[in-house]
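Please study the sequence and the structure before reading each solution.

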Amino acid sequence: MPRPTGRVLTLLELLQSGGTRTVAELADRLGVDGRTVRRYVDHLVDLDVPVESVRGRYGGYRLAPGYRLPPLMLSDDEALVVLLGLVAGRRTGLMTAGHTASETASAKIRRVLPQHVARRLDALLESLAFTDQPGEFAAPDTGILLTLADAVRHHRPVSMRYTDGHDRRSERTLYAYGIVAHSGRWYVTGKDAGIDEDRTFRLDRIADARTLPGSFEPPVDTGPAQRVLSGFASTEYRHEVTLRIHGTPEQIRAHLPLSIATLEDRDRDREPEPATGQDRAPERWLRVRLRAERLDWLPPVLAALDRPFVIERPDELRALVRAFADRLASYAGKA
């Protein structure tokens with residue numbers, strides 16, 4: 001059960017979030033009665049926190065306008081959450097302004113943690129593993145990230161300087177739909193006004209960004225995350241692979257996710273929707289399309305699917321599947 005001092009601080013945090021809070025609302029959030037809420041308010045007033053009483057049907061308490069908030073105060077659990085977020089962001093590459101700001105922010109928070117909380121955090125970090133190596137990805141510029149976020153929120157076009165994977169520099173006007181974090185990188189997706197097509201751009205390759213006058217109406221059919229993943233699946237690579245697999249979308253997507261492949265219902269010629277709950281989709285022949293720089297990883301994936309499949313193209317994949325099957329048969333025959 002929280003101590004009274006902890007509840008007083010929670011009351012201050014609720015009032016800091018703005019607006020007028022009724023006594024009933026505060027009592028419910030704090031787990032106390034109305035009389036205790038009034039006593040906690042008196043404690044804040046004694047600490048020179050200007051809490052105002054608002055009378056009337058929708059009355060309650062609020063902070064006086066213009067009140068300058070005290071320094072940031074975090075509970076033990078809040079401090080742990082913030083530190084874990086900083087550590088995870090740094091280790092997976094989803095951190096802006098490099099590692100310095102993350103490290104200094106972590107150090108400031110750790111300095112004010114009670115010893116027992118610091119020990120809990122150290123124990124957690126020692127037992128925590130990450131699949132991505134730290135420092136593997138370039139961090140996007142904080143100013144560019146915030147500029148793009150503002151453009152997305154207010155539906156404003158943005159001008160940016162971009163360097164692609166072949167070191168070609170260009171000036172772009174983008175109608176940004178959203179910002180997506182994926183596999184340790186930041187991306188922005190939207191319509192490139194120069195070619196009138198949807199594109200996805202890596203934020204760490206954007207050198208400068210500024211919002212432009214005007215506004216636009218973003219599409220509502222597909223979310224930014226799905227647009228980014230679909231874009232990855234259709235990126236130009238050395239090999240174009242087309243398969244027919246007999247199964248459900250869920251079975252196929254378990255091994256060939258949206259970022260790798262697209263599914264087409266042969267009867268409806270569209271991406272099938274995976275079923276949920278009791279209404280499971282029936283097994284049927286689905287066309288799977290993907291692009292890959294190499295093909296040697298596909299035979300083990302198709303074997304793991306354990307579903308009937310037909311390779312439409314390329315012929316090279318058929319040879320690789322036969323060779324993989326022969327190796328498995330030889331392994332099974334060994335005593």
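**Exercise 1.** In this predicted model, which strands does helix H10 (residues 298-305) lie across, and at about what angle does H10 run to E8?

*Solution.* Helix H10 lies across E8, strand E10 (284-292) and E11. Its direction is at about 10 degrees to E8.

**Exercise 2.** Determine the order of the strands in the open sheet, and explain which strands stand at its edges.

*Solution.* Step 1: the sheet has four strands in the order E9-E10-E8-E11, with antiparallel pairing. Step 2: strand E9 (261-265) and strand E11 (309-313) each have a single partner strand, so they stand at the edges and one side of each lacks a neighbour in the sheet. Step 3: from one strand to the next, the twist averages 25 degrees.

**Exercise 3.** Describe the surroundings of E11.

*Solution.* Step 1: E11 pairs with strand E8 (residues 239-247) in the antiparallel sense, over four bridges. Step 2: valine 310 in E11 is the bridge partner of arginine 244. Step 3: helix H11 (residues 315-333) lies across E8 and E11, at about 140 degrees to E11.

**Exercise 4.** Classify the packing of H1 against H3 and characterise the contact.

*Solution.* Step 1: helix H1 (residues 4-16) and helix H3 (residues 34-46) pack at about 80 degrees, their axes 10 Å apart. Step 2: angles of 65 to 115 degrees count as roughly perpendicular, and H1 is therefore roughly perpendicular to H3. Step 3: H1 contributes Pro4, Arg7, Val8, Leu11, Leu12 and Leu15, which meet Val37, Tyr40, Val41, His43 and Leu44 of H3. Step 4: by class, the residues of this contact comprise nine nonpolar, one polar and one charged.

How values were computed
Residues numbered from 1 in each chain as written. Predicted model: local features only at pLDDT ≥ 70, side-chain atom pairs only at ≥ 80, totals over all residues. Heavy atoms only, no water. Pairing = 2+ DSSP bridges. Helix = DSSP H or I, 4+ residues; strand = E, 2+ residues; numbered from the N terminus. Axes fitted to C-alpha atoms, helices over the stretch in contact; angles between N-to-C directions. Contact = heavy atoms within 4.5 Å. Parallel < 35°, antiparallel > 145°, perpendicular 65-115°, else oblique. Nonpolar A, V, L, I, M, F, W, Y, C, P; charged D, E, K, R; others polar.
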